[in-house]
Amino acid sequence: MPGHRPTEMPSWRRAEAWILLMYTGMRAGELCQLLPADFRFDADIPHLKVRKTDDSGKATKSVKNKTSVRDVPLHPDLITLGLRAFVERCAKRHSGERLFGCFRLGGPGKFTDGITQFSRRYLQALKLHAPGRANHVWRHTFVDRLRKVGCPDEEIGALVGHSAGTMTSKYGGAFPLSRKRDALLKLSFGFDVVNVLGGPFWCKQPKF
């Protein structure tokens, strides 16, 4: 995955969209429908909202099921890599439009067509493509990494929006965001992701 110089805005719109999948465990369809207004950077715990509606309450998106609607804490590495600057820049330029509008949406219920095609071409160019190696691999990796550091399935399920009694063990009631954050902070990929991607983003006036 290409890196970026510390003084430049990371190219979040393309391959680096994977970083958001990598650190949140989101479904690719959820990522492709994100709006700038779905992010809460100034909350006590910075997070994003996976939801069916916009701030006015108008239904604008689709989710897999009821447990898919959730708040997802933002890992500090995402902020370090410039996510806030990117989202705010997009909000100024294209208010109300999808954050990853570069990825074409398919027909009803097929929100991953664009990112799936991009991922396949990208991996083929790097000679890393293989059957089953698609966007969902980030979600599986997220779950596996949290399990390896001892996070119970109920906490993982709350983070990724798994239905109780199916993909993870049953859990009752809404999980507080603080508990999700504490679980997320245990996430480790075995290497320094920020350093591999070129170091912290620190430019106050991004240009892209």
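Predicted model: local features only at pLDDT ≥ 70, side-chain atom pairs only at ≥ 80, totals over all residues.
A pair of aromatic rings is described by the distance of the centres and the angle of the planes. For Phe39 and Phe41, the centres are 5.5 Å apart and the planes meet at 10 degrees, so this pair is stacked. Stacked here requires planes under 30 degrees apart. The count for the structure is five aromatic pairs.

Next pair: Phe86 and Phe100. This one is tilted. The centres are 6.0 Å apart, with 35 degrees between the planes. Where do Phe86 and Phe100 lie? Phe86 is in helix H4, residues 83–93. Phe100 is in the loop between H4 and helix H5, which covers 113–125. So the pair ties together parts that are 14 residues apart in sequence.

Buried or exposed, for Phe86? Buried, because its relative accessibility is 1% and the cut-off is under 20%. Phe100 is buried as well, with a relative accessible area of 0%. Phe86 and Phe100 also belong to one aromatic cluster with Phe103.

Now the empty space. Rolling a probe the size of a water molecule over the atoms shows where empty space is left. How many cavities of 30 Å³ or more does a search of the whole structure find? One. The largest cavity has a volume of about 50 Å³. Its lining includes Glu30, Asp38, Lys49, Arg51 and Lys61. Gln33, Leu34, Val50, Ser62 and Val63 line it too. By class, the lining has five charged residues, three nonpolar and two polar.

How values were computed. Residues numbered from 1 in each chain as written. Heavy atoms only, no water. 1 Å grid on protein atoms, 1.4 Å probe; cavity = no way out; pocket = protein on both sides within 12 Å on 5 of 7 lines; lining within 4 Å. Points joined across faces, edges and corners; volume = space filled by probe spheres on them. Nonpolar A, V, L, I, M, F, W, Y, C, P; charged D, E, K, R; others polar. Phe/Tyr/Trp six-rings, centres within 6.5 Å; stacked < 30°, edge-to-face > 60°. Helix = DSSP H or I, 4+ residues; strand = E, 2+ residues; numbered from the N terminus. Buried < 20%, exposed > 50% of the residue type's maximum accessible area, 1.4 Å probe, protein only.
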